[in-house]
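Have the sequence and the 3D view open side by side as you read.

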Amino acid sequence: MRVLMVLDSLGFGGTETHALSLAKEMATRGIYVVVAARSGTLALRFKAVGCPLYPIDFPITIDIDKQRKEQIIDQLGAIMKKENISIVHTHQTPSGILAAHAANRLSIPVVFTAHGTYYPSSELETILRLASAAIAVSPPVERHIRPMIAKRFLIPNGVDTNEFAPLGRKGRQALGIPDDALVIVYSSRLAWAKASICFMVLKAGKDVKRLFPKLHVVVVGDGPRFSDVESLVHLIHQTCRETFIHLVGEQEHMPQYYSLADLVVGTGRVALEAMACGKPVIAAGNHGYFGLVEPNSYDEAWECYFGDHGSRQGCSRYILSQDMKHLLRSPLYLEQLGQAGREWVMNQFNIRICTDQVLAVYKSLLKGEGKG
């Protein structure tokens with residue numbers, strides 16, 4: 001089995017980190033994985049796993065002239081021939097559409113993993129028409145793609161629970177955060193709805209600071225709204241006359257940043273990674289607010305992918321600050337939530353289990369079972 005993993009780019013994000021975890025686990029099993037993408041932060045990590053990288057200048061949109069489209073398709077076809085690829089696994093559009101065209105011409109099966117409901121409808125319909133099978137990472141995504149493709153599977157994003165594991169509270173000193181501080185970590189790409197959540201987290205942090213003077217907030221992520229986040233942080237620091245918010249930008253090694261936290265605010269893969277690191281999570285994402293992820297709400301949290309693909313209500317500064325205050329008053333409960341969360345992720349979202357399921361999809365296609 002020789003797999004071509006296709007991504008828009010190797011920038012840092014949930015989709016890219018999932019593909020890296022998948023490639024790493026496959027490599028440990030002796031499966032040959034090749035990657036085609038625009039370069040980015042994670043390129044060296046893929047190389048370290050042993051994946052040959054082919055830089056492709058994928059367009060931002062599929063609406064490009066026919067000549068350029070054919071050039072990229074030919075380029076991808078040449079890679080597939082050279083590397084004797086047996087399965088093409090795509091994760092995004094437009095890179096997935098172009099790779100699927102190349103694979104179809106060579107009669108190579110194509111798997112598309114839908115990581116959300118945010119894909120432009122015309123592009124999603126196109127990639128699912130070209131794909132041999134689709135994987136949905138959550139129940140709402142599975143329902144979203146159900147009318148468009150018959151052969152589909154519900155397989156969650158897997159987490160490497162050896163990499164994402166409790167590390168204590170290391171790394172605080174480097175950011176000038178005292179050991180006895182209370183720390184809230186927010187991690188996401190600072191764009192679209194997730195940037196708006198970041199603004200709410202920062203304002204809620206300002207409110208919580210009045211009750212917990214030793215509070216610090218760490219924001220991990222970059223994106224087109226980073227400068228707006230910087231401006232808000234500057235204003236909050238001026239108002240509070242104290243520096244307690246730390247913007248650390250895009251970071252490759254997330255476990256050390258989760259380790260700073262008493263509480264993590266995030267969604268989707270961030271929520272799973274943080275829980276794998278033994279951290280309690282307040283879930284808020286693109287769709288809205290889920291709230292505290294507790295054992296009695298695990299199934300519901302998974303059902304809506306921690307606020308990214310579904311939610312309980314809209315997110316607001318007030319509801320965030322109320323839940324933050326409630327949790328930070330209960331350090332023992334925070335610790336219990338962290339332990340329970342790690343156990344749940346290890347049992348339900350371990351990368352080894354998810355890789356088994358992905359490989360079963362590959363094998364079914366290589367046996368010629370078709371699109372169903």
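The notes below go through the sheets, the cores and a pair of packed helices.

This is a predicted model, in which local features need pLDDT of at least 70 and side-chain atom pairs count only at pLDDT 80 or more, while totals for chains, interfaces and linings use all residues. Residues are numbered from 1 along each chain as its sequence is written, and side-chain values use heavy atoms, with hydrogens and water left out. Helices (H or I, at least four residues) and strands (E, at least two) are DSSP runs, numbered from the N terminus.

**The sheet of 7 strands**

- This open sheet has the strand order β3-β2-β1-β4-β5-β6-β7 and parallel pairing; two strands pair if DSSP finds at least two bridges between them.
- Its edge strands are β3 (53-55) and β7 (152-154), each of which pairs on one side only.
- Neighbouring strands here are turned by 20° against each other on average, direction ignored; axes are lines fitted to C-alpha atoms, for helices over the stretch in contact, and angles run from 0 to 180 degrees between N-to-C directions.
- Within the sheet, β5 and β6 are joined in the parallel sense over 4 bridges, and V111 stands opposite A133 in β6.
- Helix α5 lies across β4 (87-90), β5 and β6, and runs at about 145° to β5.
- Helix α14 (residues 351-366) also packs on the sheet, where it touches β1, β4, β5, β6 and β7; its direction makes about 135° with that of β4.

**The nonpolar cores**

- A nonpolar core is a set of buried Ala, Val, Leu, Ile, Met, Phe, Trp, Tyr and Cys residues joined through side-chain atoms within 4.5 Å; buried means under 20% relative accessible area, exposed over 50%, and partly exposed in between (1.4 Å probe, protein chains only).
- The largest core has 37 residues, and those with the most contacts inside it are L4, L76, M80, V88, F112, L128 and I145.
- At least two residues of this core come from each of several elements, including β1 (2-9), β2 (32-38), α3 (66-82) and β5 (110-114).
- Helix α4 gives the most to this core, with 6 residues.
- Which residues does M80 touch, not counting residues up to four places away in sequence? They are L4, I85, V88, A99, A102, A103, L106 and I108, where contact means heavy atoms within 4.5 Å.
- Another core, of 36 residues, lies apart from it and has V185, Y257, F290 and F349 among its members.

**The sheet of 6 strands**

- This open sheet runs in the order β10-β9-β8-β11-β12-β13, with mixed pairing.
- Strands β10 and β13 (289-292) stand at the edges with a single partner strand each, so one side of each is left without a neighbour in the sheet.
- From one strand to the next, the twist averages 15°.
- Helix α7 lies across β8, β9, β10, β11 (263-266) and β12 (281-284), and runs at about 170° to β9.

**A look at strand β9**

- Strand β9 (residues 215-220) is mostly covered, with 6 of its 6 residues buried.
- L215, V217 and V219 point one way from β9, whereas H216, V218 and V220 point the other way.
- In a regular strand, side chains alternate between the two faces of the sheet.
- On one side, 6 bridges join β9 to the parallel strand β8 (residues 182-187), and I184 stands opposite V217.
- β9 also pairs with β10 (residues 245-249) in the parallel sense over 4 bridges; V217 stands opposite I245, and V219 stands opposite L247.
- Two right-handed β-α-β units involve β9: β8, helix α7 (residues 192-211) and β9 make one, while β9, helix α8 (residues 226-240) and β10 make the other.
- A crossover is right-handed if, with the strands pointing away from the viewer, the path from the first strand over the helix to the second runs clockwise.

**Where α1 meets α14**

- The axes of helix α1 (residues 14-28) and α14 come within 10 Å and cross at roughly 80°.
- The two helices are therefore roughly perpendicular to each other; angles under 35 degrees count as roughly parallel, over 145 as roughly antiparallel, 65 to 115 as roughly perpendicular and the rest as oblique.
- The contact is made by S21, L22, E25 and M26 of α1 and by residues of α14, including I351, R352, T355 and Y362.
- Is E25 buried or exposed? E25 counts as buried because its relative accessibility is 13%.
- E25 sits in helix α1 and touches I351, R352 and T355, not counting residues up to four places away in sequence.
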